[in-house]
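Dear colleague,

Please find the structure below, handed over for your study. My notes on its salt bridges follow it.

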Amino acid sequence: MKCILIDKPEGHYQSHLTEVDEASLPSGNVTVQVHYSTLNYKDALAITGQGPVVRSFPMVPGIDLAGRVIESSHPAYRPDDLVLLNGWGVGEKHWGALAETCRLDGDWLIPLPSRLTARDAMAIGTAGYTAMLCIMALEKAGARPEQGPVLVTGASGGVGSFAVALLARKGFEVVASTGKLDERDYLKALGAREVIDRAELSQPGKPLARERWAAAVDTVGSHTLVNVCAAMRYGGLVAACGMAQGLDFPASVAPFILRGVHLIGVDSVMCPRDTRVRAWERLAAEVDGPLLETIAREITLAEVIETAGDIMAGRLRGRVRVKIA
Ligand code: NDP
């Protein structure tokens, strides 16, 4: 089978497109023919070696797949079933989806929602699913459109683009923070009411700032998340899922103890199955073809390594879907 393989011979990190014997696939009770995968920030970290994503070598990256079951000894799946996978350490410690074939634990799979094609599902991928998890977390904590503006950071990225579009479709007034001000029209087309320069948020700031946001989705971390928390309105809700600026959080407790700000962590990788299924059901109901075409571009397996470099250099907007078969 054709796949991207990451290896570290004599300590020298390398990723390449290659052919691997299917006998080398890891153990698992379901074998899937991958139709589409995606390229996320995490995959780009893994492929370029710029972040400690890969836990063992050699590794096939790829945290997302949509495809067709070839073989299964799992009670829930039979050959020809269409399935979806996001996370569970696939592409990090278990061979992943940037490959023609993937062998997995069937407990990690969910059926592809009937309203989505494999191609649509991978335009959404982990980014869209994580954006939905953030929105579900904010709603569960009580966020409502009439409370005031919602900030989305890293707005032109995969998670950010979906967060902007899905929040706007629910009637929220969305303010998009971006380093790509030339993507203003794209962000407005997704539904952003206002676009701000991320430079306003990325430097060390004060523990408390003018109260601006009722809620926020942060994909950036570091000083940006600190400044987001500092500018929340009283009782404001922040869903934090990313670290594009950094994993650090050099914050003061002031927003939490003086303004009752809630900081809610969002994880897609180990997220329980029933929450995943609900998130994907909502995605299937709330996205449409034109939105997916606006957000996603499509590449082949042969273009993955170069595109991973573009992601790390911050040159791309939206999502990257990878056509496998
Ligand atoms: P993308 O690369 O598509 O988007 C990241 C965006 O962050 C960029 O487009 C850019 O947006 C902004 N950005 C990049 N570098 C910086 C920087 N130095 N300072 C400030 N902003 C920056 O990534 P994804 O959308 O796929 O993922 C976003 C983040 O969320 C990543 O950190 C990823 O690891 C994390 N993530 C976490 C998940 C979880 O389960 N918790 C699941 C999925 C993703 P702009 O130019 O518009 O400012």
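In this predicted model, E286 and R282 meet through their side chains in a salt bridge, at 2.8 Å from N to O. A salt bridge here is a side-chain nitrogen of Lys or Arg within 4 Å of a carboxyl oxygen of Asp or Glu. The two residues are four apart in helix α8, so about one helical turn separates them. Helices (H or I, at least four residues) and strands (E, at least two) are DSSP runs, numbered from the N terminus. E286 is buried, its relative accessible area being 16%; buried means under 20%, exposed over 50% and partly exposed in between, with a 1.4 Å probe and protein chains only.

R282 also forms a salt bridge with E139, whose closest N and O atoms are 2.6 Å apart. This pair links distant parts of the chain, 143 residues apart: R282 in helix α8 (residues 273–286) and E139 in helix α2 (residues 118–140). E139 is partly exposed, at 28% relative accessibility.

Another salt bridge joins D80 to R68, with 2.6 Å between the closest N and O atoms. D80 lies in the loop between β4 (64–72) and β5 (82–86) and R68 in strand β4, so the pair ties together parts twelve residues apart in sequence. R68 is partly exposed, with a relative accessible area of 27%.

A network of salt bridges links R119, E293, E298 and R321. The search of the whole structure finds 16 salt bridges.

Residues are numbered from 1 along each chain as its sequence is written, and side-chain values use heavy atoms, leaving out hydrogens and water. Because the model is predicted, local features need pLDDT of at least 70 and side-chain atom pairs count only at pLDDT 80 or more, while totals for chains, interfaces and linings use all residues.

With kind regards
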